[in-house]
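Have a look at the model first, then we'll go through it.

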Amino acid sequence: MDQGRKELSVGQLAARSGVAVSALHFYEAQGLIRSRRTSGNQRRFRQDTLRRVAFIRAAQRVGISLAAVREALSRLPADRTPTPADWARLSTEWRADLDDRIEQLVRLRDNLTSCIGCGCLSMRDCALANPEDVMSSEGPGARRLLTNP
């Protein structure tokens with residue numbers, strides 16, 4: 001890490017990013033962000049880590065797994081601040097998955113009023129979990145809630 005650049009302590013990074021120190025430690029343990037250690041064994045983060053943390057949080061918020069985030073971040077340059085083009089390339093790769101999630105959420109929203117929320121998941125009229133009563137062929141009861149012994 002270039003020590004000539006302004007670095008942040010873990011507390012400063014937490015305050016600036018709005019992310020708990022424990023979450024930053026977790027992100028580091030998962031290989032999502034990196035720090036260097038001072039002679040006193042304190043973590044120091046490059047200032048561009050703020051962008052990475054913001055990217056991680058935005059990805060988590062829309063349901064992208066940390067494994068997918070880690071894979072994406074591994075393709076970013078370690079020796080410079082990621083550019084808007086870097087971020088655009090990564091986000092484009094997730095577009096199809098996000099479009100699928102949006103479609104599922106819209107379908108859920110539009111059909112939610114017909115669900116009584118009982119948890120049976122095998123009702124003849126449940127358009128969300130059992131359209132056209134396809135699960136009735138598997139037997140009685142809450143088929144999706146039953147586990148095989």
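**Sheet and pocket at a glance**

Let's start with Glu 7, which sits in strand β1 (residues 7–8). Strands here are DSSP runs of E with at least two residues, helices are runs of H or I with at least four, and both are numbered from the N terminus. Keep in mind that this is a predicted model, where local features need pLDDT of at least 70 and side-chain atom pairs count only at pLDDT 80 or more, while totals for chains, interfaces and linings use all residues. Residues are numbered from 1 along each chain as its sequence is written, and side-chain values use heavy atoms, with hydrogens and water left out.

**Glu 7**

- Glu 7 is buried, with a relative accessible area of 13%; buried means under 20%, exposed over 50% and partly exposed in between, using a 1.4 Å probe and protein chains only.
- The side chain of Glu 7 makes a polar contact of 2.8 Å with that of Arg 36. That term covers a pair of N or O atoms within 3.5 Å; within protein, one must be able to donate a hydrogen and the other to accept it, and residues adjacent in sequence count only if both atoms are side-chain atoms.
- Across the sheet, Glu 7 has Arg 46 in β3 as its bridge partner.

**The sheet**

- The order β1-β3-β2 describes an open sheet of 3 strands with antiparallel pairing, where two strands pair if DSSP finds at least two bridges between them.
- β1 and β2 (36–37) are at the edges with a single partner strand each, so one side of each has no neighbour in the sheet.
- β1 and β3 run antiparallel and are joined by 2 bridges.
- β2 also pairs with β3 (residues 43–46) in the antiparallel sense, over 2 bridges.
- In β3, Arg 43 is the bridge partner of Arg 37, and Arg 44 stands opposite Arg 36.
- β2 and β3 make a hairpin with 5 residues between them, and Asn 41 in the turn has a positive phi of about 65 degrees.

**The largest pocket**

- The largest pocket holds about 250 Å³ of space. On a 1 Å grid over the protein atoms alone, a pocket is an open set of points with protein on both sides within 12 Å along at least five of seven lines, and lining residues have an atom within 4 Å of a point.
- Its lining has 16 residues, and the closest to the centre are Leu 32, Ile 33, Arg 34, Arg 52 and Ala 78.
- α3 (49–61) and α4 (66–74) are the elements that give two or more residues to this lining, with α4 giving the most, 3 residues.

Technical notes
1 Å grid on protein atoms, 1.4 Å probe; cavity = no way out; pocket = protein on both sides within 12 Å on 5 of 7 lines; lining within 4 Å. Points joined across faces, edges and corners; volume = space filled by probe spheres on them.
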